[in-house]
Amino acid sequence: MALTFSTALSGLRANSEALGVTGNNIANANTTAYKAKSLNFADVFHDSLNAKLNGAGLAVQIGGGVQSAGTTTNFTQGSLDESGSTLNAGIRGNGYFVVSSKNGDTAYTRAGDLTLDRDGHLVNSTGDLVQGYQANNGAIPPGAPLNSLQVPLGQFASPVVTSKASFHMNLSSTDAVNAEFHAPVEVYDSLGVAHTMDLIYTKTGDGAYTVKATLDGNAAQVSIDGGAAAATGNLTFDSNGQLTAPNTLAIVPDQTKLAGATLPSLDIALYQLNEDGTKGQSLLTNYNATSAVAATEQNGFASGTLAGLSFSPKGDGVLIAVYSNGQTRTVGQVAIATFNSQEGLSRLGDNLYGQTVASGAPSIGAAGTGGRGEIIGGVLEQSNVDIANEFTDLIVAQRGFQANSRVITTINQTLQDVIQII
């Protein structure tokens, strides 16, 4: 009878633990990147080595109940939902973010609710430092060591001097001789100061024009096909409205008018380039249409301050700084760790996992390489808990608990009957 009591008690204990596991899953149904767990049971036979044999030589074994054999984690991918923060990130596929606590302990997590601390370090919600490969001058050097990623807060993006510009434009073939058309564009000097460069086209005849330039109203010189700079240059168009000459055009500003800055000659693109690098269709045309500039481009920038951060759309975990002047710069690359046995990882709380002997050592590298998943920016991986399944498991565990309690009630009644025999 005593053994029977212990058997039923083991059932109560095991089903109570199952209720605990299921309850924990339900409690974490909205926890970022939480992975659902299930409890596995194993039967108990205390007399396996001393089993009685019946006449047929078969063992007569009476079970001793049930015990918890361990928990199994469901590592299936959780859904990646938009989070509203460009610093949030989710892993699509295999792997874990690598984080380091303030005391140097390393842990691993699927939760990508990342932010910046006051020093510009990329951290998770508990303040652990996210590990990766720090960029140097906007590029990640080959063989860069694993380190805590840090954003250079307060750093300015240097200005970029304009060295080339292009105009997609038409000069009307119906304009009268001596008609002028202005094509202005904003350019930047070495200090990041913006200037207005104006190209002035004057019709001199059918398909023939001169071009001169000013910078903030000050005369600039024009160089045609690499020749000596002069006040004006000549352009010619064929009967199809296509530019035939020159091949190159450069504007040379007056350096004495730049208040100590420099702005060397600016190349004006006159033709599109074919895939093989040869000259293609002209960007300037002479059609029977209104003179107009359809689009302008130039490659200069003013200085800029940090305006935001985002992850590369390539999924490689590269963190990009976006500056107020439109420039971008690589800050670093978040690392991903994979393990031979995910089941061997220990749960540390705070959405963290720890390495164990059972998990094996981590293999750490860039996202999207070596079987590692991609890092998707602006999203968070959701819990993979299925509430419907959990409620079903609750019912099963509750019925198991109820059935074992009924066994104890039956044993109690049987003992009372035995006592009444006396």
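User: What is the volume of the largest pocket?
Analyst: This is a predicted model, and its largest pocket has a volume of about 270 Å³.

User: Which residues are closest to the centre of that pocket?
Analyst: Those are Thr22, Lys37, Ser38, Leu39 and Asp393, out of 19 residues that line the pocket.

User: Which helix or strand gives the largest share of the lining?
Analyst: That's H1, with five residues. Helix H1 (2-27), strand S1 (37-44), strand S4 (65-73) and helix H2 (387-421) each supply at least two.

User: And how many of the lining residues are nonpolar, polar or charged?
Analyst: Seven are nonpolar, eight are polar and four are charged.

User: Switching topic: how many salt bridges are there in the whole structure?
Analyst: A search turns up three. One of them pairs the side chains of Lys35 and Glu381, at 2.5 Å from N to O.

User: Where do Lys35 and Glu381 lie?
Analyst: Lys35 is in the loop between H1 and S1, while Glu381 is in strand S33 (residues 379-381), so their pairing ties together parts that are 346 residues apart in sequence.

User: Are those two buried or exposed?
Analyst: Both Lys35 and Glu381 are buried. For Glu381 the relative accessible area is 1%.

User: Which other residue meets Glu381 in a salt bridge?
Analyst: Arg110 does, with 3.0 Å from N to O. Arg110 sits in the loop between strand S8 (106-109) and strand S9 (115-116), so this pair ties Glu381 in S33 to a part 271 residues away in sequence. Arg110 counts as buried because its relative accessibility is 6%, under the 20% cut-off. Lys35, Arg110 and Glu381 are linked in a network of salt bridges.

User: What about Arg92, what does it form a salt bridge with?
Analyst: Glu374, and their closest N and O atoms are 2.7 Å apart. Arg92 in strand S6 and Glu374 in strand S32 (residues 374-377) are 282 residues apart, so the pair links distant parts of the chain. Arg92 is partly exposed, at 45% relative accessible area, and Glu374 is partly exposed too, at 29%.

User: Okay, now Asn88. Where is it?
Analyst: Asn88 is in the loop between strand S5 (80-82) and strand S6 (89-92). Asn88 is buried, with 9% relative accessible area. A polar contact of 2.9 Å joins its side chain to that of Ser83.

User: And which helix holds Asn404?
Analyst: Helix H2. A polar atom of the Asn404 side chain is 2.7 Å from the backbone oxygen of Gly400.

Methods:
Residues numbered from 1 in each chain as written. Predicted model: local features only at pLDDT ≥ 70, side-chain atom pairs only at ≥ 80, totals over all residues. Heavy atoms only, no water. 1 Å grid on protein atoms, 1.4 Å probe; cavity = no way out; pocket = protein on both sides within 12 Å on 5 of 7 lines; lining within 4 Å. Points joined across faces, edges and corners; volume = space filled by probe spheres on them. Helix = DSSP H or I, 4+ residues; strand = E, 2+ residues; numbered from the N terminus. Nonpolar A, V, L, I, M, F, W, Y, C, P; charged D, E, K, R; others polar. Polar contact = N/O pair within 3.5 Å; in protein donor to acceptor, adjacent residues only side chain to side chain. Buried < 20%, exposed > 50% of the residue type's maximum accessible area, 1.4 Å probe, protein only. Salt bridge = Lys/Arg side-chain N within 4 Å of Asp/Glu carboxyl O.
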